[in-house]
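Visitor: I would like to learn how to read the contacts in a structure like this one. Could you take me through them one feature at a time?

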Amino acid sequence: MSPRSDPDALSRPDDHIYAPERKPDASVTQPKLGVVGWLRFAWRQLTSMRTALLLLLLLAIAAVPGSLVPQRSSDPNGVTQYFADNPDLAPVLDGFQMFDVYTSAWFSAIYLLLFVSLIGCVIPRTKHHFDALRARPPRTPVRLSRLAGYTERPLAGFETAHGASSTSSAADAAIDRAAAELRRAGYRVERYDMRGEASVSAERGYLRETGNLVFHTALLGVLVAVGIGGGFGFSGQRVVVEGQSFVNTLAAYDSFNPGRFFDDTTLDPYRLSLGELDAVYETRNQEAIGQPIDFTAHVSVQAKGGDSEPGVVKVNAPLRVHGTDVYLLGNGYAPTITVRNPDGEVVFTDAVPFLPQDANLTSIGVVKVPDGLEEQLGMVGFFYPTQTTLGSGAYTSSYPDLVYPVLTLNVYQGDLGINEGTPTSVYTLDPSSMEQLTGGSTGVESIELMPGETVELPNGLGSVSFEDVSPDAGDPDAAEGDYSQSVSRFASFDIHDDPSQGWVLAFAVLIVAGLLVSLFVPRRRMWVKAARRPDGTVVLEYAGLARGEDPGLEEAVAAFADRHANPAT
Amino acid sequence: MTLDEISIILVYSAMAVYAIAFIAYAIDLARRSAAATRAADLVGVAPSVSAPAVVAGGRAATSVGSATDATTASVPESSGTVAIERAVPSAGEAEVTGTGPATPAAPRKLGASVASGATVASVAYGRSPALRVGVAMTVIAWVLHLSADVTRGLAAGRVPWANMYEFALTGTLVITTVYLVVLVVAKYDLRFLGTFVTGLVLVLLGVATVNFYVSVVPLPPALQSAWLVIHVFVATSATGFLALGFALSVVQLMQSRRESLAASAKAVKQNFLATLPDSAALENLAYRVIIVGFILWTFTLMAGAIWAEAAWGRYWGWDTKEVWTFIIWVVYAGYIHARATRGWRGSRSAWLAIIGFSTVLFSFTVVNLFFKGLHAYSGL
């Protein structure tokens with residue numbers, strides 16, 4: 001069998017190990033390549049196995065820097081920090097898009113080339129595979145003895161078993177039987193009779209190439225689904241304090257990242273209310289005191305004009321409502337702080353989310369009182385759910401739950417810098433145009449409060465209270481010193497919609513299925529021939545041909561020969 | 001004594017037995033070298049006794065038969081006598097490799113075809129007492145190791161792979177398990193890999209107990225998922241298969257170097273490699289082990305993405321560990337392509353397998369400990 005008669009080989013890249021070797025013909029001088037010739041040459045190079053391999057390795061190397069340098073996509077704060085730590089190096093790296101490796105021009109170039117190469121390989125192979133699926137198994141080679149697993153068996157068994165009148169009818173019977181058995185084993189079979197020798201040609205494992213093509217096409221599918229489908233989604237973050245709610249509209253989000261093609265009028269304005277956030281911490285295991293065991297946000301969801309329905313959001317169990325997925329990605333305390341002017345009128349009262357700084361939830365928060373007082377007032381606060389004093393005299397929290405909650409406040413007076421309407425973070429205070437009244441170098445002690453306490457602000461500005469929100473607060477019968485309900489918690493919700501997700505999953509399943517089939521289904525040919533020897537006797541010849549990796553071929557041929565040549569058993 | 005303390009004692013016991021197994025395997029390798037040298041001497045002294053082809057052209061078309069062939073061919077094995085196994089490739093194969101059609105689709109039987117033409121006499125070698133001791137000790141160590149892993153799981157009340165120590169404990173157990181299973185299943189006698197396997201397991205267990213140990217603590221909420229059972233276990237299994245593929249690739253490179261030396265030089269120093277399968281057989285074995293590892297790794301990646309979607313709100317975010325999982329996947333995809341690329345099969349693809357496993361180890365150690373990311377579950 002000459003390589004050229006192999007219909008399958010042609011569809012593979014020239015340098016595929018099972019593709020026929022192209023022998024350069026030295027005697028013929030190649031004509032000069034025209035534009036088309038060069039394009040064909042370039043295309044052939046791009047779709048060659050060697051290029052695919054090179055691009056794969058290049059892709060692996062190109063992915064490395066993204067793990068060495070913080071990325072804007074996954075760690076924006078890390079990037080800011082990196083710029084602060086390496087003011088000289090960072091801009092240079094940024095010039096090479098090192099902080100956006102996976103969307104950078106060079107990384108994209110590599111994977112796009114890889115996928116072009118893949119398309120250039122898959123399309124002709126798909127076409128050939130369709131042809132191969134309809135083609136008949138090829139003619140039986142003249143000399144089977146050249147092929148893998150070649151073995152012979154006597155025809156004798158068939159002569160006796162079938163009481164055949166002649167050798168040739170016994171041979172026919174044997175080949176018929178072989179064809180039937182091969183067909184039953186999943187082979188596509190074709191009878192050939194050449195030079196008076198009956199034979200059967202069989203091929204199986206077309207699924208191998210199907211799997212291969214499905215695998216590569218599904219990879220392409222993932223890329224397209226991520227690239228295009230991802231553009232229709234959004235992700236947004238919102239902090240919600242216990243007892244408060246938020247409506248799924250653009251303005252309600254603390255931060256919002258729309259996809260390229262996202263239309264914000266498609267947001268479904270449902271209302272999400274946080275009833276209670278349960279946090280459970282380890283209390284018994286001495287090695288893990290205070291380690292979080294469980295966070296559960298009890299919420300209720302109310303569709304526009306509909307009834308509200310209860311729901312639960314946990315760390316590993318997002319709530320999927322109204323086409324969006326709600327994740328619980330963080331939590332903390334939101335002390336309720338009230339500021340009164342010297343006349344005792346409330347000028348500010350709110351549960352202010354404090355951002356956790358460590359595992360024991362030492363938290364920092366900012367209170368801004370823009371109106372109602374003589375000057376604008378700002379407070380930077382530390383909250384310790386279980387306050388202890390370090391040897392240095394500094395406060396810290398020793399346990400994340402509310403055992404001995406303490407709030408300290410540094411008070412600033414002056415211009416909050418929010419009058420111009422420029423957006424500023426609610427979690428930071430710019431003290432540049434303010435005067436510090438307590439804490440730090442002022443010589444005045446920071447304000448220190450426990451739930452339910454009120455103290456006077458310095459300079460007779462008024463008073464500040466740390467409200468106790470326990471349901472039984474103020475009840476004289478309440479257990480003394482039980483602070484477990486005294487401070488509200490907040491939940492930090494991520495709300496996502498990614499319409500590409502289902503597609504990506506479907507393609508991923510196809511990838512695995514295609515991979516399994518393409519690596520484990522052997523594609524092989526098998527032939528059985530009743531060969532006539534020069535002395536006139538007829539023997540059964542068996543041989544196979546591997547088409548791709550097929551370590552079990554020889555056993556398969558031998559096993560088939562054994563089974564077939566003993567028709568009696 | 002708590003269950004965890006029992007588990008630690010079992011780990012140390014397993015390590016001690018692994019150490020004995022390692023020594024036994026090493027002695028076996030030394031004996032293999034001696035056997036190979038003796039065989040070479042025998043050939044030199046009495047060429048008529050052994051295969052004449054070896055002397056004549058130094059190009060005996062030989063094959064290392066299956067393990068059983070090798071054992072039957074050797075005269076009383078424990079006595080240390082060795083025999084040169086004459087190549088008896090079946091008629092068909094001999095023709096294919098020699099004069100077969102030009103198509104590279106020519107079948108390659110494991111170990112039977114010596115593609116490069118660099119052919120070396122292989123020395124049949126049975127199972128020395130040292131090898132038997134090594135395997136027996138490995139089985140005992142495996143039982144201890146398994147008990148250690150199970151008691152750790154019982155002590156923690158969950159699957160024992162939720163932090164780096166437990167991952168190492170289970171991962172090494174999987175490596176040994178894969179090795180023992182392959183011993184039973186494979187056509188070739190792969191007991192010679194014992195030195196590598198027990199050595200690697202011993203080192204990793206040592207590092208794990210000394211540097212990674214953490215006491216039993218409850219699972220953080222992010223790990224409380226059924227995916228912990230699936231994703232992480234599949235990752236450890238993949239690591240087990242890829243480790244074995246790595247070992248086979250290393251031996252393959254050594255063997256192919258020896259083969260090319262033997263093809264070019266008249267005399268080649270005899271060492272334990274003479275008793276092992278030829279490089280083509282090793283390459284095929286490595287490939288088959290690695291594709292299993294690759295599929296498991298693909299599944300690891302996807303299961304991880306599904307879990308990340310539930311736990312972190314996105315299925316893929318280029319977190320450092322995700323990046324390295326991707327890199328490992330791409331390197332092994334490259335390996336599989338290299339196997340199918342003309343000019344890359346053989347030593348080049350073996351190097352890719354070695355690089356691939358290096359990235360696995362890098363991801364497990366350096367990335368876990370020093371890179372900032374969401375996979376911060378080492379417990380250290």
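**Reading the interface and the side-chain pairs**

Guide: Across the interface of chain A and chain B, the rule finds 16 residue pairs in polar contact, both residues being at pLDDT 80 or more; a polar contact is a pair of N or O atoms within 3.5 Å, where within protein one must be able to donate a hydrogen and the other to accept it, and residues adjacent in sequence count only if both atoms are side-chain atoms. On the side of chain A that touches chain B, helix H10 (residues 501-520) of chain A gives the most, with ten residues; helices (H or I, at least four residues) and strands (E, at least two) are DSSP runs, numbered from the N terminus.
This is a predicted model, in which local features need pLDDT of at least 70 and side-chain atom pairs count only at pLDDT 80 or more, while totals for chains, interfaces and linings use all residues. Residues are numbered from 1 along each chain as its sequence is written, chains are lettered from A and ligands numbered from 1 in the order in which they are written, and side-chain values use heavy atoms, with hydrogens and water left out.

Visitor: How many residues does the contact take from chain A and from chain B, and what area do they bury between them?

Guide: The size of an interface is often given as the accessible area lost when the parts come together. Here chain A and chain B bury about 5800 Å², of which 65% is on carbon and sulfur atoms, the area being what two parts lose on being put together, summed over both, with a 1.4 Å probe. The contact, meaning heavy atoms within 4.5 Å, takes 73 residues from chain A and 65 residues from chain B.

Visitor: How many salt bridges are there between chain A and chain B?

Guide: A salt bridge is a side-chain nitrogen of Lys or Arg within 4 Å of a carboxyl oxygen of Asp or Glu, and between chain A and chain B the count is three. One of them is formed by A:Glu549 with B:Arg345, whose closest N and O atoms are 2.9 Å apart. A:Glu549 has 15% relative accessibility and counts as buried, because buried means under 20% relative accessible area, exposed over 50% and partly exposed in between (1.4 Å probe, protein chains only); B:Arg345, at 16%, counts as buried.

Visitor: Which residue meets A:Lys127 in a salt bridge, and where do the two lie?

Guide: The partner is A:Asp131, at 3.5 Å from N to O, and both residues lie in helix H6 of chain A, four residues apart, about one turn of the helix. A:Lys127 counts as exposed at 54% relative accessibility, whereas A:Asp131 is partly exposed at 33%.

Visitor: How should I read an aromatic pair, and how many does the structure hold?

Guide: Rings of Phe, Tyr and Trp (its six-membered ring) pair if their centres lie within 6.5 Å, and planes under 30 degrees apart count as stacked, over 60 as edge-to-face and the rest as tilted. The structure holds 36 such pairs over all chains. Among them is the tilted pair of A:Phe83 and A:Phe99, with 5.2 Å centre to centre and 40° between the planes. This pair links distant parts of the chain, 16 residues apart, with A:Phe83 in helix H4 and A:Phe99 in the loop between helix H5 and helix H6 of chain A. A:Phe83 is partly exposed at 28% relative accessibility, while A:Phe99 is buried at 0%.
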